[in-house]
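Let's take a walk through a protein model together, one piece at a time.

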Amino acid sequence: MKKLLATFLSSVAGLGLGLLATTIVAQAADTKACFVYVGPIGDFGWSYQHDQGRLAVEKELGVETAYQESVPEGADAERAIERFARSGCNIIFTTSFGYMEPTNKVAKKFPDVKFEHATGFKRESENVSTYSGKFYQGRYVQGKIAAMESKTGVAGYIASFPIPEVVRGINSFILGAQSVNPDFKLKVVWVNSWFDPGKEADAANTLVAQGADILTQHTDSTAAMQVAQEKGVKAFGQASDMINFGKDVQLTAIIDDWSPYYIERVKAVMDGTWKQHDVWLGMDKGDVVMAPYTNMKPETAKAAEEIEAKIKSNEFEPFTGPITKQDGTEWLKDGEKADVGTLLGMNFYVKGVDDQLPQ
Amino acid sequence: MQPDFSIRLEKRGSASTLFAYFSPFIALGLMLFFGGILFAIMGHNPLHALYVYFLEPLMDTWSLHELAIKASPLILIATGLCLCFRSGNWNIGAEGQLIMGGIAGAALPVFFPTYTSFSILPLMLIFGILGGMAWAFIPAFLKNRFGTNEILTSLMLVYIAGHFLDWIVRGPFRNPQGFNFPGSISFSEWQVLPEMLSSGRMHYGMLFAIIGVLVVWFLLSKTMKGFEIQVIGQAPRAGRFAGFSPKGTTIFVFLVSGAFAGLAGIAEVSGAIQQLRPSISPGYGFIAIIVAFLGRLNPLGIFAAGIVLALSFLGGEAVQISLNVTDKIANVFQGLLLFFVLACDTLIHHKISFGHSWRFYNKGATHGAR
């Protein structure tokens with residue numbers, strides 16, 4: 001009798017556990033996370049890193065995911081986003097600035113679907129969140145390294161579009177460099193594209209010809225790194241660790257690690273706790289990561305590690321006064337910190353940038 | 001004496017008219033066949049993949065609307081281009097004319113954001129048409145006045161237009177509240193080309209495309225002007241004897257195709273995008289050239305070809321998502337289609353003959369086959 005009871009109890013418990021397991025699996029299988037990328041996932045830069053985040057979500061939470069790559073910003077983006085919303089996606093990550101209007105437009109039509117737009121500022125309905133990374137924190141570290149490693153005192157910057165995110169990076173870079181060498185020069189070439197390996201390589205060659213012996217970029221491909229490797233000048237990887245494309249020349253890289261954020265947000269959808277927000281992820285929580293410091297003098301690496309640690313612990317903020325604008329007017333007084341609004345809408349250079357900001 | 005294995009094309013005495021009409025269909029069939037093989041090599045069930053690619057987008061009201069949105073600029077531009085190509089004027093710059101149309105039309109809502117009444121939209125469309133016409137007039141004028149090659153000038157003007165758009169959305173047209181991001185203000189309700197049906201996003205651009213097709217079809221088949229265009233294209237000398245003006249025709253066809261491209265541009269900006277952005281077209285002006293030739297330079301054929309090309313884009317996205325294949329698949333299918341169309345046309349007008357000197361070995365090779 002006792003034995004019978006035990007069997008009965010254990011089978012009930014087993015059944016219960018089994019049911020519990022099925023509910024979890026069912027819940028995971030019910031949730032679908034979808035991603036829209038501006039470039040190919042094989043760019044080994046921006047879109048590649050977002051896709052790494054997607055794969056991490058799949059692995060960590062066991063949910064179904066889908067993606068569409070190389071979606072042009074504009075009318076096609078709206079269709080891509082709406083297609084996902086219709087095909088049963090519960091949360092859709094749109095990972096380029098140019099998807100801002102279409103994301104908001106589709107979000108109004110699908111109030112039950114959650115939308116996460118990277119690097120934008122519009123949240124027109126309750127189901128749209130925005131998120132971005134403080135990549136400029138890494139730029140400051142890079143600027144410091146550049147000034148310590150450069151022989152010519154000139155660095156070249158391959159820039160995409162003169163939007164605040166990019167201008168912020170340029171300014172942060174030169175501020176970092178000036179903290180070592182106040183006369184450091186930064187030349188900028190605008191390629192007006194996020195992903196165009198041919199143009200990016202041309203720009204890299206031009207900058208090297210103009211005397212830059214350190215290259216950095218705010219575009220998505222590995223072209224500049226490959227040019228640097230060829231020409232024997234040093235370079236920084238962008239968005240992803242590009243050491244495989246410049247093993248003798250990569251100093252470090254800013255790695256956008258979207259995995260923690262993506263896992264957190266998809267999980268919030270599964271738990272029903274998702275809420276609209278606007279976040280700016282930085283080094284402190286591990287969303288912006290520096291690749292290993294390589295191909296540099298030990299003292300440079302040491303200085304880089306020190307400033308990285310300070311930024312990570314929020315002890316230091318790159319945009320701290322005194323900072324003068326390019327036109328010579330004062331922006332921040334000694335010790336004054338930049339307000340978020342100015343940073344988000346940054347449309348001016350600080351002193352030392354050897355370029356006219358396209359207006 | 002080496003045997004000669006050369007292959008060469010010889011012109012057929014008379015090409016079959018039947019086959020000339022059927023060649024796009026043969027090309028379509030071949031594209032499906034080889035595309036299926038491609039899917040099979042990639043490890044997918046070819047029938048399922050082709051179903052997802054070419055039929056599924058037609059099964060859903062939403063995607064039919066999207067198909068129309070994608071097809072309408074292609075049809076509209078290609079219809080204008082067929083007049084150019086029929087008259088022997090090679091307007092390769094429809095993309096630029098589209099961009100200038102979009103800019104000209106968008107200027108109204110950008111500079112007069114408070115001007116909201118029913119008259120704003122027609123004015124925007126007219127401005128768009130004028131913008132496209134003005135841009136198309138340049139290569140036509142240069143050709144007539146200086147004898148420049150319109151292929152080069154019209155193509156180069158595309159890049160000028162592209163850079164002009166890029167500058168203008170960062171400069172005078174930039175949204176002052178847009179954090180310095182490139183792009184104009186979003187248009188308000190009155191300035192947006194409305195949707196035609198309540199069931200989806202398709203806007204009145206499709207209606208313009210249909211009207212354009214009918215107008216050009218009528219022009220080409222029922223009017224003297226249409227006859228003139230075709231005579232000048234096929235036999236310029238005969239055209240001159242008949243008193244037709246090649247220069248006047250050049251201006252006329254460029255203006256009409258510019259107007260069509262400009263209308264497509266403002267319809268895209270106002271209807272589909274609803275603001276001016278650094279990029280407003282994924283290359284409609286260039287793809288329309290394929291559409292025009294696939295449609296046999298015939299307005300009704302162009303209508304069908306525009307749908308097919310639009311489907312190749314939409315289906316490409318569909319297979320990308322459901323089968324996880326690369327986004328380049330749409331380009332592959334478009335390439336296959338263009339290749340087979342050209343191949344079919346070539347083989348309809350030419351026959352293949354194999355190395356003569358091998359067959360007439362003893363006579364020796366006297367033909368300059370190599």
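Start by finding Ala204(A), which touches Ile158(A), Leu215(A), Ala223(A), Ala224(A), Val227(A) and Ala228(A), leaving aside residues up to four places away in sequence. Touching, or being in contact, means that the C-beta atoms of two residues, placed from the backbone, lie within 7 Å.

Before going on, some housekeeping. This is a predicted model, in which local features need pLDDT of at least 70 and side-chain atom pairs count only at pLDDT 80 or more, while totals for chains, interfaces and linings use all residues. Residues are numbered from 1 along each chain as its sequence is written, and chains are lettered from A and ligands numbered from 1 in the order in which they are written.

Back to Ala204(A). Together with Ile92(A), Ile170(A) and Leu186(A), Ala204(A) touches the most other members of the largest nonpolar core, which has 102 residues. A nonpolar core here is a set of buried Ala, Val, Leu, Ile, Met, Phe, Trp, Tyr and Cys residues joined through C-beta atoms within 7 Å. And "buried" means that 20 or more other C-beta atoms lie within 10 Å of a residue's own, whereas 12 or fewer makes it exposed and anything in between partly exposed, again with C-beta atoms placed from the backbone. Which element gives this core its largest share? That's H6(A), with seven residues. The core also draws at least three residues from each of domain 2 (31-133) and domain 3 (136-256 + 288-354) of chain A; those bounds come from an automatic or database domain assignment. There is a second, separate core too, with 100 residues, including Met31(B), Cys84(B), Leu98(B) and Met206(B). As a general point, nonpolar side chains tend to be buried together in soluble globular proteins.

Now zoom out to chain A. Its secondary structure comes to eleven helices and 15 strands, where helices (H or I, at least four residues) and strands (E, at least two) are DSSP runs numbered from the N terminus. Buried residues make up 50% of its 359 residues, and its C-alpha trace spans about 90 × 45 × 40 Å along its principal axes.

Look for the open sheet of seven strands in chain A, in the order S12-S10-S9-S8-S6-S7-S15, with mixed pairing. Two strands pair if DSSP finds at least two bridges between them. At the edges you'll find S12 (288-290) and S15 (353-354) of chain A, each pairing on one side only. S12(A) runs antiparallel to S10 (residues 250-256) of chain A, joined by three bridges, and Ile255(A) has Val289(A) as its bridge partner there.

Next, pick out S6 (residues 154-159) of chain A, where five of the six residues are buried. S6(A) pairs in the parallel sense with S7 (residues 185-190) of chain A over six bridges, and Tyr157(A) stands opposite Val188(A). S6(A) is also parallel to S8 (residues 214-217) of chain A, over four bridges, with Ile158(A) opposite Gln217(A).

Another strand worth a visit is S5 (residues 128-133) of chain A. Six of its six residues are buried, so S5(A) is largely enclosed by the rest of the structure. Val128(A), Thr130(A) and Ser132(A) cover one side, with Ser129(A), Tyr131(A) and Gly133(A) on the other. S5(A) pairs in the parallel sense with S4 (residues 114-118) of chain A over four bridges, and Phe115(A) stands opposite Val128(A). Four bridges also join S5(A) to S11 (residues 278-281) of chain A, running parallel, with Ser132(A) opposite Trp280(A).

Finally, turn to chain B, which has 14 helices and two strands. In H2 (residues 46-55) of chain B the buried residues are Ala49(B), Val52(B), Tyr53(B) and Phe54(B), and they pack against H1 (17-41) and H12 of chain B. So where do the chains meet? In all, 22 residues of chain B are in contact with 27 residues of chain A. The elements giving two or more residues to chain B's side are H3 (61-86), H10 (246-273) and H12 (299-323) of chain B.
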